[in-house]
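Subject: Structure for you to look at

Dear colleague,

I am passing on the structure we talked about, and below it you will find my notes on what turned up when I went through it. Please read them with the model open beside you.

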Amino acid sequence: DRNVKIAPSILSADFANFGQEIRAIEAQGADWVHVDVMDNHFVPNLTFGPPAVKAFRKHVKTVMDVHLMISPVDSSIDAYADAGADILTAHVEAGPHIHRTLQAIRAAGMKAGVALNPGTPAEAIAHVLDLCDLVCVMTVNPGFGGQKFIDMTAKVRRLREMIGDREVHIEIDGGVDPDTAPLVRAAGADVLVAGSAVFRGGSVEAPDVYGRNIAAI
Ligand code: DX5
Ligand code: ZN
């Protein structure tokens, strides 16, 4: 009976078998499915767009948590609503109008998330907390799985204070593993994204490895 949710990132899954991978991680205890959308512009890597995300939706029975590492964002919001995102997270660094973006995400019927790169202070989102359902604290510079954890526990503590009694998740993304997870849990995070730490050593043929990896976080 854990008090944090684990959201495996399918960035570390087998790209030729997304349907099976999603079903496997959910069967093995994933709380949410984290989908990393990259545009080779906001971040130096390219993954998938709305049609692929819509195809993932058919397999996700829990919560589809879509992390946009794209710029601009606003012109794509309706496409991700149509693709079936439950939560849509945009980066505060992705444009000058995060307030408008968060309003538009909610207006399109999704929960709204805002992500902060490691170099961005908590105060950058002080005036939009009423428009957020989730704050994603990046603990790597976004773009790739398997990077080394950057300690952002001071930022997480500060955000918990700023959030106060609002119902806002704090999600940690990057380098989460059995060693780093306790640090961010203690600081007040309640959703942990994990890519390599969930998928390493397993496969759709050996999914119990995923279950053990999830349980170890
Ligand atoms: C980083 C992505 C993360 C990444 C996490 O750009 O947003 O979701 O897949 O991967 P790990 O857990 O391997 O650091
Ligand atoms: Zn992510």
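Of the contacts in the chain with a separation of 6 or more, 63% are between residues 24 or more positions apart, where two residues are in contact if their C-beta atoms, placed from the backbone, lie within 7 Å. Please keep in mind that this is a predicted model, in which local features need pLDDT of at least 70 and side-chain atom pairs count only at pLDDT 80 or more, while totals for chains, interfaces and linings use all residues. Residues are numbered from 1 along each chain as its sequence is written, and chains are lettered from A and ligands numbered from 1 in the order in which they are written.

The chain has eight helices and eight strands, which are DSSP runs numbered from the N terminus (helices are H or I, at least four residues; strands are E, at least two). Of its 217 residues, 44% count as buried, meaning that 20 or more other C-beta atoms lie within 10 Å of a residue's own, again with C-beta atoms placed from the backbone.

The largest nonpolar core, with 70 residues, is a set of buried Ala, Val, Leu, Ile, Met, Phe, Trp, Tyr and Cys residues joined through C-beta atoms within 7 Å. Strand β6 (residues 134–138) gives the most to this core, with five residues. Among the residues with the most contacts inside the core is A85, which, leaving aside neighbours within four places in sequence, is in contact with V53, M64, V66, Y80 and M110.

For "binding site", an unreviewed UniProt entry lists H34, D36, H67 and D173, and such annotations may be inferred rather than shown by experiment. These residues span 140 residues in sequence, yet no two of their C-alpha atoms are more than 10.4 Å apart, so they gather at one spot. H67 lies in strand β3 (residues 64–69) and is buried, with 28 other C-beta atoms within 10 Å. D173, found in strand β7 (residues 169–173), is also buried, with 26 other C-beta atoms within 10 Å. Beyond four places in sequence, H67 touches several residues, including H34, D36 and D173, and D173 is in turn in contact with H67, C136, M138, T139 and V193.

With best wishes

Notes. A residue is buried if 20 or more other C-beta atoms lie within 10 Å of its own, exposed if 12 or fewer, and partly exposed in between; C-beta atoms are placed from the backbone.
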